[in-house]
There are 2 protein chains.
Amino acid sequence: MRAIERQLKIQQLFNAGVFIDAENLCRRLRTSESTVRRDLIALEKQGFLRRVHGGAIAVEAREEPLDFDWSSRRNPEEKERIGKAVAGLVEDGQTVILDGGSTVAAVARNLQGRSLQIITNSIPIAEIFYDSKCAEVTLTGGFLYPRLGVLLGPFCEQMLEQVAADMLIMGIGGITENGLSNSNTLIVGSERKMIEVSRKVIVVADHSKFGRSAMVHLAPLDKVDLVVSDQALNTRFQQLLERHHVDFVLA
Amino acid sequence: MRAIERQLKIQQLFNAGVFIDAENLCRRLRTSESTVRRDLIALEKQGFLRRVHGGAIAVEAREEPLDFDWSSRRNPEEKERIGKAVAGLVEDGQTVILDGGSTVAAVARNLQGRSLQIITNSIPIAEIFYDSKCAEVTLTGGFLYPRLGVLLGPFCEQMLEQVAADMLIMGIGGITENGLSNSNTLIVGSERKMIEVSRKVIVVADHSKFGRSAMVHLAPLDKVDLVVSDQALNTRFQQLLERHHVDFVLA
DNA sequence: CGACAATTCAGTCAAAATCAATCATAAAAA
DNA sequence: TTTTTATGATTGATTTTGACTGAATTGTCG
């Protein structure tokens, strides 16, 4: 394995956590302790990480102890653009369901201070509205999926059956001609209920989600009213969305 | 585990509360008392916490987005004592309902790492179990009461009707010969449901709660099985509890 | 209030782990 | 081929760790 390859890999590993163990790295990269140290020194010189005894920590990780979503650090500007665009589609007084995920969190941040009814199954998203005096927030109950801080399972779905919303703003794992997909059966279960009870379904998906398929099928494209993304689509996906009467907005 | 890993973890633990027990830390981090002390000294030098006898407390005036309980900074060590005592009454495998409040949060901190079913309507308390691999946490749904981070209202109560628990651990606003009381109608509504579905009702109340009455009546003393507090009671309250067959534990 | 027991604290020490530097060899580049 | 660079092993130095000690603090009991 080349030096560059290894160092890219080390940078990727930081997406899964703030600390990396040196001994662990040797095993995963199948290389010696000396080489790992040299790589870490190089990455430290680039300002990407800070070396500490036993490994290294991400420089950005200071002061932010826990991050629910391992993907929340990817493409933050793109997500913020999407968030702002989607927030512009919401009208005051509406009832909006927000599911979990970092892109939806960007939407939520741009909805702060608006007068809305918010329904969500995500604790991080509920927290965004903590000091918002205008929005009324209702959490679905359910089993706490700790890694993402979302509530799932029968209690969640049962609660969703009893509400009706003007709009659903939803993140996904992937989108293909077969429809939407996501990574977890329980998450998909609650998202299906959300779709059922919402008059309008908006999917937020950065460009990396197109053409990718996640583990569990979630819904066909016909269920979706609007997709908001950060890059223009190629002709194939444009036609696919048109065929299913799905609008597309470029943020 | 590496030094940095431990210290990051300690910082995380402070997000869930204001006091940390040294002995607890040793167990949770699986390390010696010497090492924990050295970590605490290091974190104190960084100004992140203040060491006190038996552990450490969070330094005041950190930029905390939300202080879920205006009383959470009062008597942190007394509350921690109560928390430890109550945690000792819980057996592994049990289903425990925890309501909101800073004293109950102290109990929750002492339950970390235990193998339990937790049901709660408080987001700060659910967060305490984020990185606990053993406990399964279920949140009631409901309307988010932002100042305290608790979930209330019909959705919450309806969800509670569908569960059964071995034990309820509950904070209160006041306790007098008329029974328990609390400060908010919605909170009282959900707490009544919690009492209904729990086999055993434990009330945690520091000494300031005795003889004080809050706005809304919650339940008569007969509903309570055990009161845990931080100071011995005077004869009047002792007799009062005895008359209603309520046990008392001094933490 | 004061004596006693039980914790908790601070400092020391040896063992273990990790680090930095060096060197010989292997791989890549010239 | 020669030169340069990257790698892995080895070395002693440094840091970290857990156990142990006596001192200080806290809680209990009379």
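Trainee: What makes strand β7 of chain A and β6(B) a pair?

Mentor: Two bridges join β7 (residues 142-145) of chain A to β6(B), and two strands count as paired if there are at least two bridges between them. The two run antiparallel, and Phe143(A) stands opposite Thr138(B) in β6(B). Keep in mind that this is a predicted model.

Trainee: How do you know which parts of chain B touch chain A?

Mentor: A contact requires C-beta atoms within 7 Å, and 27 residues of chain B are in contact with 27 residues of chain A. On the chain B side, α1 (3-15), α6 (123-128), β6 (136-139), β7 (142-145) and α7 (154-160) each supply at least two residues. The largest share, seven residues, comes from α1(B). By class, this side of chain B has 16 nonpolar, seven polar and four charged residues.

Trainee: How do you know which residues surround DNA strand C?

Mentor: The test is a C-beta atom within 6 Å of the strand. From chain A, the surrounding residues are Ala22(A), Glu23(A), Ser34(A), Arg37(A), His53(A) and Gly54(A). From chain B come Ala22(B), Glu23(B), Ser34(B), Arg37(B), His53(B) and Gly54(B). Helices α2 and α3 of chain A, along with α2 and α3 of chain B, each supply at least two residues of this surface. The surface divides into two nonpolar, six polar and four charged residues.

Trainee: Why are β1 and β2 of chain A said to stand at the edges of their sheet?

Mentor: The sheet is open and has three strands in the order β1-β3-β2 (chain A), with antiparallel pairing. β1 (19-21) and β2 (49-52) each have a single partner strand, so one side of each is left without a neighbour in the sheet. Neighbouring strands here are turned by 25 degrees against each other on average, direction ignored.

Trainee: What makes β1(A) and β3 of chain A partners?

Mentor: They share three bridges in the antiparallel sense, and a pair needs at least two. One example is Phe19(A), whose bridge partner in β3(A) is Ile57(A). Helix α3 (residues 33-45) of chain A lies across β2 and β3 of chain A, at about 135 degrees to β2(A).

Trainee: Why is strand β9 of chain A called largely enclosed?

Mentor: Buried means 20 or more other C-beta atoms within 10 Å. Six of the seven residues of β9 (residues 165-171) of chain A are buried, so the strand is largely enclosed by the rest of the structure.

Trainee: Which strands pair with β9(A)?

Mentor: Three bridges join β4 (residues 95-98) of chain A to β9(A) in parallel, with Leu98(A) opposite Ile169(A). Six bridges join β9(A) to β12 (residues 198-204) of chain A, also running parallel. There, Gly171(A) has Val204(A) as its bridge partner in β12(A).

Terms used. Residues numbered from 1 in each chain as written. Chains lettered and ligands numbered in written order. Predicted model: local features only at pLDDT ≥ 70, side-chain atom pairs only at ≥ 80, totals over all residues. Helix = DSSP H or I, 4+ residues; strand = E, 2+ residues; numbered from the N terminus. Axes fitted to C-alpha atoms, helices over the stretch in contact; angles between N-to-C directions. Contact = placed C-beta atoms within 7 Å. Nonpolar A, V, L, I, M, F, W, Y, C, P; charged D, E, K, R; others polar. Buried ≥ 20, exposed ≤ 12 C-beta atoms within 10 Å, placed from the backbone.
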